[in-house]
Every structure is written in C-alpha cells, then in structure tokens.
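Here is a short briefing for a first look at a protein model. Keep the sequence and the structure in view while reading.

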Amino acid sequence: MGAVRGVSGALVGAVARTVPWRAVGAGAVVGLLVVGLPRMLSGEPDPWLALNLLRGAALVFALGLAFLLDDPARELTTPVTTPRRLRTSLRVALVAPVAALWWTAALALVPEEARPPLGAITLEAAATVTLALAAAALAVRLTDEPEPGPSVAAAVLTTACLTPLLLPFHWDLFVPVDDPRWDAAHQRWAGVLAGAVLVWAACGPEPLRRRRVLRRDRPAGALGRPGA
Amino acid sequence: MSAVMEATAPPVATDEKRRGRAAVLALARFEARELLLQIPVALTLVFYVGYTLYGLLFPEDGMDAYPALQDVDRATQSGPSVLLGIALLVCVNRAALRSRRRGTDRHFDVLVMEPWRRTVAHALSVVPYAVGTALVVLGAFTWQALRPGAVGHGSVAELAVAPLFVLFCGVLGLLIARLFPAVFAAPVLVILLFAVSVFVSASTGDAEWSRWLSPIVSENSNETLPSDLIGRPAAWHALYLVGLVLLFVTGAVFAGHGGRRTWPVKAALAGTLVLTLTGAVGQGQGVSPELTAAREKASTHPEKDQTCVRHGRSEYCAFPEWTVRTGTWAGVVDRVQNLAGGSAAEQPLVVRQRVEARYGLDGDGTIESSTTPHQVTVGTRWGGNRIPEFASAVASALVAGDEAKGGELCDGRVVTVMWLAVGGASDPLSDFRHVRLDDSTSGSAIVLSPTSPLSMSAGQTDVVREVLSSRPRAEVTSAVKSHWDELTAPGVKTADVARVLGVEAPKEADDCVGE
C-alpha cells in the first residue's frame, strides 16, 4: 500500500504538470467574465439573462475542460504500468477542486434575486462539463491522436449550438425557470449526466488491441499531412 | 551580357509571382477540402441546407404562400447559417494552428512559400463556403419570389449578409489563430464575443449605432412594411461587413509569427479600417426625418401613397407593392357578400390597405378601426388566419355599416357576422376555430380582425358552431337572405337569430363578454 501511495505521490506531481492548466484557466476566466458582465450594468438584474449566462459560463468552462485529456507525450505514456483509467481520473481529481471553486464564484457573481435554483443549475453545469469530459475520453479511446482537444471542443460547441434547435419540444433541455417543464427538463439533465458518466467510465481503460476504424494512417516519422 | 539579363529579368519576376499565386490557390483549395472533412463543418452545412429546404417544402403557416420579399431577404440571415459560421470559425482556427500543433512550423520556414501567403490561403479557403451560402440564400429567395402570392422587393444588401457573415466568421477564426496562437482560444472566445455583444447592446440601451455593430441585426417586429418604409441601413451594413472581413484578413497577414509588416500591408490595414468605420458610421445614423415623415404619412393618410383598383362593385386601394394582391382580396369580399341579403348584397365597399409604420420594425402597433362607412381595412400580410380575419372585417362592415361599429357589436348580429365571414369558406368550422384567439369552438372568445377585434359570448359561439356543423349551407344561406333585415336589426336577440337559422337557442340570455 505504501509503495502504491509512493508511486501515486510521484504520479500526482507528474500528472499535475501535464494538465493543460492554460486551457482550463482560460475557460474559467472567460466563464467568470461572461457571468460578471451584467454586474457592470445598472438596473434590475434579469433572471432569464442570468440563467442563460450561467449556462454560457458552464459551456465555456466545459470547452476548457475538453482539452483536459490532451497528452503530448501520449505515445510514451501508453506503455507505462499505471493504468490510463488511473491517470485520467487523477487529472479529473486535480481539476475538480478548481471547478468547484470556480462554480461557486460564478454563482456568487449572480445577484441573489436573479439566481436560478442552485441545485438545478448546478446539475446542468455538471452535465455539460461531464459531457465535454466524456467526449474527450471518447476521442482518446477511439483515436491515436495525442491532443484531440481542439476537435473535442469544436464538437462540444457545435453540439451546444445545434441541440437547442434540434431537440423536439417535449425533450427540451433549455427551459426558463418559470416554465412548467422545468422539473421534467432537469430529470432529462440528470439522464444526460448519467449517460456522460457511463461513457466516461467505458472509455477509461486503455484498449488491449487497437481497431483500425477511426485511426489515421500515420507512418512513424512522418509528422503531418501535406498541408500540415 | 547585362543587356541579355535585363531583357530576361521581367518574365522571371512575373513567372515567380504567378507561381506564388498558384501555390496560394492550390493551398486554399486543399484547405477548403480539409474543412469539408471536419465533422462540425460538414454537419452544420448539411443542417443548413436541409433546414432551408425543409422550410421551403413544408411551410408551417398558410401565410408562407404569400411572402413579402422585403421580409424574405432578411429572413435568410438568421437561421442555421449562423451555426455554419461558428463551425467555420473554430475549424479555420484549428487548421491555421495545425502546423503549430504538429510541430511543423520550422519545416515551413525553409520553404519558398512565405508564412503570410499561407495565411492568405487559409482566408481564401473560406470563400467556397461563402459562395455556397450565397447559393442557398439565392435559391431560397428565388423560390419564395416565384410563389404566385409573392409581393414586394428584396434587397441585395440584405441577401449579402448571410454569405458575408460566413466569411466574417472564417477570417475571424484565422485572426484569432494569428493573435492568440493557442488551440483553446477560439472556442472560448466565441462565447466571450457573444456575451460582450449582448452586454454592449444592453449597456447602450439598444442604441441604433451599437445595435448595428453586430454582424446580424434582427428586428423585434413581425410587421410587414412597404419596402421604402423599412429603413434598415442594409447597404451600409454590407459595407461594414466587407470592411470587417478585409480588416481581419489584413490583420491576420500583418500579425503573429512571420507576419508581413511591409508598407503596402500597413496601408491596406489603414484602408480597411477606414472602410469599416465608414460603414459603422453610415449604418448608425438612425431614422432620417424624411423616413419618419413618410412613415407618418403612410400610417395616417395611406390614400396619398396608394393606387386603387376596381374589381366588380368594390374598390381596392393598396400600396403600390400590393396592387397585384387586390384580386385575391376581391375573391374573399365576393364570397362574403354572396351570403348577404338585402342592400348589403349589392353594397359597394372600399377595401383600404392600412399599416402602422410609425414605430418602424421596433414594435408592433395596432391599427384603429375605420369609421368611414363601408370601408374595410386589410393588412399587409395575407394567407392562413389573415383570410378569415379579413372576412370577418368585411362581414362586420356589411352588417354594422362600418368597422368601428362592427367591433362594438354584442347582440345577435354577431352570429350573422360570423356566418357571413366563414359560412362560404371551404372548411367553415376550421376557419371559425382559427379566427378565434384561443382556437376554440366553445365558450366566449375574441375574434381577430385586421383592426379592433370582435367579442363573442358562449351562447353566440354555440349557435354559430351548430349552424356551421349541422345545418346545410344552402338552407342557411336562403334563410339569411330572406330574413336579412331581422338578422341585422340592432338589438336582435341571439335566441331569435338561432330560431331563424334553425338551431337550438342558447340557454343564457345575451350578451357580451364582460357585461
């Protein structure tokens, strides 16, 4: 146990260095900016605006977290004995306190009278962030790409833009607070969160054998394609 | 020897220039193809084309068969082309940073092609998508313009906004890549830009100049105005967008590692900045006094702008863009008048188109009922529920004498009005349901008309519903014609009307909602 703990201690430092703090930090700062902007305006805080800005902030933070699993040294870390599930979980564990602190700050920036129900909006934010992490895990699981972050962020952003348009009325996720569908929508959010957690868990382990479905043919030594 | 060199030098130079240009075009072609292979771009492109086609093929509302082209051009801007723009922003940004991510920047440094040419090629790779958007916009607009019920004029500057927006997004992604060469910058900045634009428009109280700074400017009102009263500075805005696109491209060429900082680029940067500012100032002027006067005149004295056409007994006065539609109005008037009896069956009417243009497109205004005898108001929109609404206005003018009195009816004449309005329609019950505000066929309700609405009590609703659903049309028509004076006498009881029309009288006495 002591040996494991010793290994983990060294691992924590190593993993902490590889976490893309700049991306996470950019997402966090921009998220706080988005929520804090209406504070500069005089006048009544608007609950509808506050709700949607909080959603926007959660999306920005999720976009930052889409880069969390980027590992420039992936080809070297793949064969190490510490399982990938442990390494990725460690990254999440390192970011989790930051995320919790950030979300508290974001909620604190919203004036109290305009604040949406805390539990429900936190569920939405958690589901959004977990969805981004699950997408990153899926990208890592299905491709050989060491840094899938930009693609994952683009996919998350596109999904976030398309979902409100494409969801049928009865499955709507983005409802205002006083809407009678609020509770039902949050049951669906809980479902999204559960689904994202399952995908994350399923994509955790390093596959024993690589399938060639989504793999790019990249002969060793050649770094890019003609345009790169 | 020197003479020979001088003689051959110019062709070499032009040849090199031509080769440089060919290389830029080849790279642009390659990058454009690569963009198409990106899932976000491909998905939003398919969604954009599919959504536009679906909207054209399966119209939601009967009004879609009668489009006003001055609204159709604006409608091409807000739509999924925005999503295509966002996808392109992110993907162009990623493509421009690909060499950095793959660590091939230093390989490029030894190539003949300068970094700024690569930037230009990335900018050009967006052009095919802008052209594609322009084709979709043109296709959708042409489709609408070819509908038999189309009226009005489109504006080229409004149609240009969607393709320019796509171009704007692409080159913005490129500029972000050159200014902040980090892969996570673009997606995060998209949300920040969006929040800032909301903030700016909120903090300046939706002032005209700040509202027009955003690339796509939508309007609050669904009102359709004559195209010369709309007053959107569309041409200035298109100039502003062109200026922004060129500014971003020159900015991207100028900035970052390997940026070209020669004097022509600096001059171009200054020039495009001036162009953008000119557009921004031009579009922020607000509503001119002449336009305000024209709007005032069209709202209060529409007859000064209108031309009148005679169809049958009645006269139809419309704004010039709508004169082609007078025949359709005449069809409805004839349908209603054929059911009337007495002098009303032969009464010449004046159908006048009226519009509340004083608020522009900022808000919806209501039109006052006309007090001129036998004058009926028709709005600028047509099709769907607008047809039974107009029919009820015609019927109330025939029964009560003018629109204003028609809106105050609360005795048995309401039943007569509703029978005239919907009795001759192909599906009277469905028209009856749709002309009522709550889409019901029981209980009291408001009946919409182009001006002030009518109100129906629950008893009157029951009588009209029974007449429409259980009595043969021919019998009711002849009963109405032969008892016309009785059915249109002021103060007639709903129960008496029900008896004449051969249905059960309502339990409760009259009459109006809220009395």
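**Briefing on the predicted model**

In chain B, B:Arg386 and B:Glu389 are both part of helix H16 (residues 386-400), where they stand three residues apart, about one turn of the helix. The model is predicted. The side chains of these two residues, B:Arg386 and B:Glu389, form a salt bridge with an N to O distance of 3.1 Å. B:Glu389 has a relative accessible area of 7%, so this residue is buried.

**Salt bridges**

- Over all chains, a search of the whole structure gives 23 salt bridges.
- One of them links the side chains of B:Glu31 and B:Arg98, at 3.0 Å from N to O.
- B:Glu31 belongs to helix H1 (residues 2-36) of chain B and B:Arg98 to helix H5 (residues 98-101) of chain B, so this pair ties together parts that are 67 residues apart in sequence.
- B:Glu31 and B:Arg98 are both buried.
- Another salt bridge joins B:Glu219 and B:Arg232, whose closest N and O atoms are 2.7 Å apart.
- B:Glu219 and B:Arg232 each lie in the loop between helix H11 (208-211) and helix H12 (234-254) of chain B, so the pair ties together parts that are 13 residues apart in sequence.
- B:Glu219 counts as buried because its relative accessibility is 16%, and the cut-off for buried is under 20%.
- B:Arg232 is also buried, because its relative accessible area is 11%.

**Chain A against chain B**

- In the contact between the two chains, 34 residues of chain A meet 32 residues of chain B.
- Chain A and chain B bury about 3,000 Å² between them, and carbon and sulfur atoms give 79% of that area.
- How many salt bridges does the rule find across the interface of chain A and chain B? The rule finds one.
- The side chains of A:Glu145 and B:Arg102 meet in a salt bridge, 3.2 Å from N to O.
- Two residue pairs are in polar contact between chain A and chain B, counting pairs with both residues at pLDDT 80 or more.
- On the side of chain A that touches chain B, helix H2 (21-36), helix H3 (47-65) and helix H7 (149-166) of chain A each supply at least two residues.
- H7(A) gives the most to this side of chain A, with eleven residues.
- By residue type, the side of chain A that touches chain B divides into 24 nonpolar, five polar and five charged residues.

**The two domains of chain B**

- Chain B is divided into domain 1 (24-211) and domain 2 (296-501).
- Taken over C-alpha atoms, the centres of domain 1 and domain 2 of chain B are 46 Å apart.
- Eleven residues of domain 1 of chain B are in contact with eleven residues of domain 2 of chain B.
- About 920 Å² is buried between domain 1 and domain 2 of chain B, with carbon and sulfur atoms giving 57% of the area.
- Four residue pairs are in polar contact between domain 1 and domain 2 of chain B, with both residues of a pair at pLDDT 80 or more.
- The side of domain 1 of chain B that touches domain 2 of chain B is made up of four nonpolar, five polar and two charged residues.

**One residue of helix H1: B:Leu27**

- B:Leu27 is located in helix H1 of chain B.
- Is B:Leu27 buried or exposed? B:Leu27 is buried, because its relative accessible area is 12%.
- Leaving out residues up to four places away in sequence, B:Leu27 touches B:Met113, B:Arg118 and B:Ala121.
- B:Leu27 and B:Glu475 are 448 residues apart along the chain, and 78 Å separates their C-alpha atoms.

How values were computed: Residues numbered from 1 in each chain as written. Chains lettered and ligands numbered in written order. Predicted model: local features only at pLDDT ≥ 70, side-chain atom pairs only at ≥ 80, totals over all residues. Heavy atoms only, no water. Domains from an automatic or database assignment. Contact = heavy atoms within 4.5 Å. Buried area = accessible area lost by both parts, 1.4 Å probe. Polar contact = N/O pair within 3.5 Å; in protein donor to acceptor, adjacent residues only side chain to side chain. Nonpolar A, V, L, I, M, F, W, Y, C, P; charged D, E, K, R; others polar. Salt bridge = Lys/Arg side-chain N within 4 Å of Asp/Glu carboxyl O. Helix = DSSP H or I, 4+ residues; strand = E, 2+ residues; numbered from the N terminus. Buried < 20%, exposed > 50% of the residue type's maximum accessible area, 1.4 Å probe, protein only.
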